[in-house]
Amino acid sequence: MQRRSEILIEALTWVASFIPAILAGAMISFLLFNGASAVSWKFITGFPEKGGLEGGILPAIIGSIYISALCMLMAAPIGIGAGTYLAEYAPENLFTKVVRFFVELLAGIPSIVIGLFGYVFLVHGLGLGFSILSGAIALAFMILPWTVRVSEEAIRAVPRDYRYASLALGASKWKTIRTVVYVAARPAIITGLMLGLGKAIGETAVVMMTAGMGITGYIPVSPLDSARTLPVHLYLIAGEIANTSESLKMAYGTALVLLALFLMVSIPSLMLRNYFTRRLYGDAG
Amino acid sequence: MKTEGLIKTLTFLCAGSSILIVFLIFGYTLLEGLPVLIKYGPSVLTGLYWKPYADPPQFGLLPTIIGTLSVSGLAISMATPIGIFAAIYLAEYSGGGFLKSFIESAAQLLVSIPSVVLGFIGLVFLVPTLAKFFGGWGFSILAGGIVLAIMTLPHIICISSDAIKAVPRDYRYASLALGASKWQTIRKVVLPAAKSGILASIILGLGNAIGETMAVLMVIGNPEVPYIPTSILDRVRVLTSTIVIEFNYAVWGSDQMRALFAIGVILFIITAVVNLLAFHILRGRIHAKKI
Amino acid sequence: MQVKKTLLRRALEYKPILKSEKLNVWYGRVHALKDVDMIIPSKRITAIMGPSGCGKSTLLKAFNRLLEAEGARVEGKVYFHDVDIYSDSVDPYVVRRKIGMVFQKPIPLPMSIYDNVAYGLRIGGVKDRRVLDKIVRENLEKVGLWDEVKDRLRDSAFNLSGGQQQRLCIARALAVEPEVLLLDEPTSSLDPASTKRIEELLKRLSRDYTIVVVTHNVHQAMRLAEHVIFIFEGRVVEQGEAERIFKNPKSILTRAYIKGDFS
């Protein structure tokens, strides 16, 4: 009798653990099923018409790539720098604890608050207006804690022996970090940054409040141009879906393209991450 | 030698930038929102009516706050049992290997999935389905709760499973050697020992839920005049959705815009307190896989 | 005449309570125990000795089916009172209650002293406070801890010293009324004074319980054992009455080990 409840409990936990996978799979299939018909060459390279209810989504695609790339360009070096400091140089004192606390605090700030901040500080305060630059900077603020965490973790994971070996050969600390630690931590840092890129690609509120909604019929060129991204575009047309199947299809198509972009960036990094973690830690990780 | 010092300073500045950024964010948001908080006083928190276009405008957030609490509360109560059970599976029953990393990757994926995609699916699938089953609008606290639960679930799983894995293996052996079954061992030894980590994951999940914007926005209904909900099928507004909706209509420098910033301040404080609580509970443990 | 009587008496009193037949254990690809045939006599102290890594702990864990929890593969038979404990009809939880175990490092559960001792009882469904109180007290007295802790039963078990914790673990194991008590190097992490106390405790307990001690310390084995099993590289090299083995070991290996040529 004890045996039966044991098996039941184990089965319950098994089911529960599959729920995230099932949900993810269900959502992807749902979008695929409904949106595949909307995605065509014209869709990807065309411009939105009739307020986005017809046509294509090229500006949004370009906007997404532009803003996310610019964001990572800013967030990555600072994140890696901070991670290096925390992992290599920081003494275990009060100040370090404070820094860590603030990184966590920043991570917990709701994205919409960052959007508000970006609006008052970047759009108005610094006079950048609704622009790709504003969007990228605000996004960078949001992604920063993630890049810091990922970098620090990756650098810490490098076995101490590598450092000792390098130092014993007379290399300075910075040289050791540059030539040994970074190289060893590179896969982990890169995959972590790519996951961060995925988050940046998917962010809506922050971007809408700092980069605006783009200029109709125009592909953003200068970083001071306003631009819309895929998530923003999806949100805007989702609000407008008349009950025409065409507009619905547009929305599904946008969602699918956005999801595809996100998955293209995230899935390889997840797989690579798992591969490397298991190489280092075996199955205990 | 000089480069050493330079590098140390540069990286130190990078690390310290987070402190600066947090202060900037809080400062500017407070600066914009404070005038409204002062002008309208505590009625912002307790007032029943949110009428930015009335003359004089009213900025009562009580129904919205209740909306936030009910949606988040519902989400957490759905996500927590599933999350803890899944965490138990990952930490105790699964044998490692491919299956385990698959489940963990799926959870990681679900964490960063663009919230607008989730909201969109909620809009085109969940809302009509709920409307068909329960009647009414479909847009509801229930819809918001379900969507939020999906978003919070992976967080709870990750942090809880870390906490459970951290319980020393010896305890399990000692318990098994006394004749306890695996589930008894989990229930009476492992879970109580992991209690603080699990609690922290729930609190963090709650914080996430309160701060979540796009996914809830698209499924809760956002009535023009927010009212205090009486059933989970009622439409509501939440703090975050109010900001987004009205942002495009508010004029820069107006009381309405400032009121939105006031909401921002409130959100900042709530999530800061939540994070402080969880941080205090977790106290300096660096979690390898925390999202 | 007298010799025969002693042999006869000894033979009658030497009832095996545990017996293994062709016991083989694998950890993954490592063949930890090879064709082990041995007996453990009832209500005596048996010492399993041998150099580190030879499989002594593995043999011990084979007796209470804890090997399965570690993921090891077991083949062969282990008889407890003539019942093969590895047969499908036997419930491992029941086995573990009849054959208790104390570990090398004292493992107090993260609870109070009282709750530690009461744990096994509560698992078994005992809820009556008075019954629990009585049994907790009895077993703490058995291990000589009662006077030391009776005023702080609610304190965390971690507040005890190493030696006290180990005695607590013994009390905890005894509380479920096992017939056999397995101890895996119970004193190797303790100071000499605590070691002595526990050795004396074991001698007292062997009147009522079958005691099996794994030790890598030959002198401890000499002090405690009435029956000895000497294991080397996963195989039983020699087993039998302690007196005989220590005075007159049959195998060169045994002789060398006792002399201290290797450990």
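Read along its sequence, chain A of this predicted model follows the pattern α-α-β-β-α-α-α-α-α-α-α-α-α, which comes to 11 helices and two strands; helices (H or I, at least four residues) and strands (E, at least two) are DSSP runs, numbered from the N terminus. Residues are numbered from 1 along each chain as its sequence is written, and chains are lettered from A and ligands numbered from 1 in the order in which they are written. In the predicted model, local features require pLDDT of at least 70 and side-chain atom pairs count only at pLDDT 80 or more, whereas totals for chains, interfaces and linings use all residues.

Along the principal axes, the C-alpha atoms of chain A fill a box of roughly 70 × 70 × 35 Å. Of its 285 residues, 53% count as buried (20 or more other C-beta atoms within 10 Å of the residue's own, with C-beta atoms placed from the backbone).

The contact between the chains takes 71 residues from chain A and 75 residues from chain B, two residues being in contact if their C-beta atoms, placed from the backbone, lie within 7 Å. Helix 1 (residues 2-35) of chain A provides the largest share of the chain A side, 18 residues.

The largest nonpolar core holds 270 residues; such a core is a set of buried Ala, Val, Leu, Ile, Met, Phe, Trp, Tyr and Cys residues joined through C-beta atoms within 7 Å. Among the members that touch the most others are A:L116, A:L139 and B:F120. Leaving aside neighbours within four places in sequence, A:L116 is in contact with A:M209, B:T29, B:I243, B:L260, B:F261 and B:G264.

Methods
Buried ≥ 20, exposed ≤ 12 C-beta atoms within 10 Å, placed from the backbone.
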